[in-house]
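Morning, everyone. Here is the structure for today. Take a look, then I'll go through the numbers.

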Amino acid sequence: MTVSDPVEDIVATISRSATEIRQGLVGRRGKADEENPSGETQAEADVWADDLLAERLSSIDGVSQYASEERAEIIDCDDDGLSVAVDPLDGSSNLKSNNTMGTVFGIYDEPLPAPGTALVAAGYVLYGPITTMVYARDETVTKYELTGGERTVVEHDVTLPDDPITYGFGGRVPDWPDDFEAYVREVESNPQHKLRYGGAMIGDVNQVLTYGGIFAYPALEDSPNGKLRLQFEGNPIGYVIEAAGGRSSNGEYSILEVEATDLHQRVPVHVGNTSLIDRLEAALA
Ligand code: P6P
């Protein structure tokens with residue numbers, strides 16, 4: 001008798017749904033009438049992808065909670081098991097310009113809101129020229145190509161290259177605290193580094209995973225917790241990059257150690273090569 005693995009069932013469901021989500025973007029590029037809990041205008045595709053994933057993930061045996069960046073409340077599925085936190089379409093504002101976006105997922109073994117240390121797996125689907133999935137579990141990162149509901153491994157044990165290349169920072173000079181701006185200037189001054197910022201975290205983080213470097217959406221002068229959400233973006237991406245041999249930071253310490261107090265709380269996100277994150281924390285100290 002095969003013993004079910006709810007983590008694998010969750011990841012397989014997201015993987016099988018990715019092709020349908022990608023195809024469903026067509027015709028859903030308009031704005032919905034609602035705002036998400038973070039006060040951002042939703043695209044029709046945000047709502048549709050969230051409803052699709054909520055229905056499929058909340059019906060998996062062993063899933064106790066489904067939570068999403070796009071919905072205020074948690075769906076309670078049954079009395080014990082795993083909590084799944086999803087950003088159904090990270091970067092959906094890129095729909096208008098037909099640039100990359102992604103689906104982010106974090107699988108926690110505690111009720112939400114939960115710290116990143118409660119993650120048992122995390123990953124993302126990238127809707128690029130090719131639909132790919134990056135999935136971290138047991139400190140190992142695997143990269144897949146997704147076609148027609150099938151998942152094909154294209155890279156085992158993905159790790160960040162030693163020599164960082166790409167950098168991308170959310171916000172603008174007027175928004176950044178002086179110490180972060182000074183760090184940006186230092187990163188920019190390295191001739192080996194190349195600016196890669198696409199307006200969708202998953203596209204930028206995937207560049208960092210592929211070429212080495214840093215992605216950050218930092219604390220801003222008027223938003224000290226930055227823009228990105230801890231449960232749905234910071235924790236899952238921090239888990240993936242740390243599993244790939246890099247670091248994550250809220251500016252002081254690993255994002256995974258940040259106390260979770262609210263389902264939609266924001267967190268400054270910095271992820272990438274250890275050398276760059278160590279230097280960042282020194283610059284902000
Ligand atoms: P800005 C997309 O809306 C998102 O949440 C992340 O995917 C992305 O990194 C960031 O916001 C982009 O924000 O302020 O550059 O548009």
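Accessible areas here come from the Shrake-Rupley method with a 1.4 Å probe; for residues, only the protein chains shown count as cover. The accessible surface of the chain is about 12300 Å². Carbon and sulfur atoms hold 46% of that.

Some ground rules. This is a predicted model: local features need pLDDT of at least 70, side-chain atom pairs count only at pLDDT 80 or more, and totals for chains, interfaces and linings use all residues. Residues are numbered from 1 along each chain as its sequence is written, and side-chain values use heavy atoms, with hydrogens and water left out.

Burial next. Of 285 residues, 55% are buried, meaning under 20% relative accessible area with a 1.4 Å probe, protein chains only.

Now charge. We count 20 positive side chains (Lys and Arg) and 50 negative ones (Asp and Glu), leaving out His and the chain ends. The centres of the two sets lie 9 Å apart, with each charge placed at NZ of Lys, CZ of Arg, CG of Asp or CD of Glu.

Secondary structure: six helices and 15 strands. These are DSSP runs numbered from the N terminus: helices are H or I, at least four residues; strands are E, at least two.

Five strands form an open, mixed sheet, in the order 12-11-13-15-14. Strands pair if DSSP finds at least two bridges between them. Strand 12 (194-195) and strand 14 (247-249) are at the edges with a single partner each, so one side of each has no neighbour in the sheet. Strand 14 runs antiparallel to strand 15 (residues 269-272), over three bridges. There, Ser249 sits opposite His270 of strand 15.

Key. Buried < 20%, exposed > 50% of the residue type's maximum accessible area, 1.4 Å probe, protein only.
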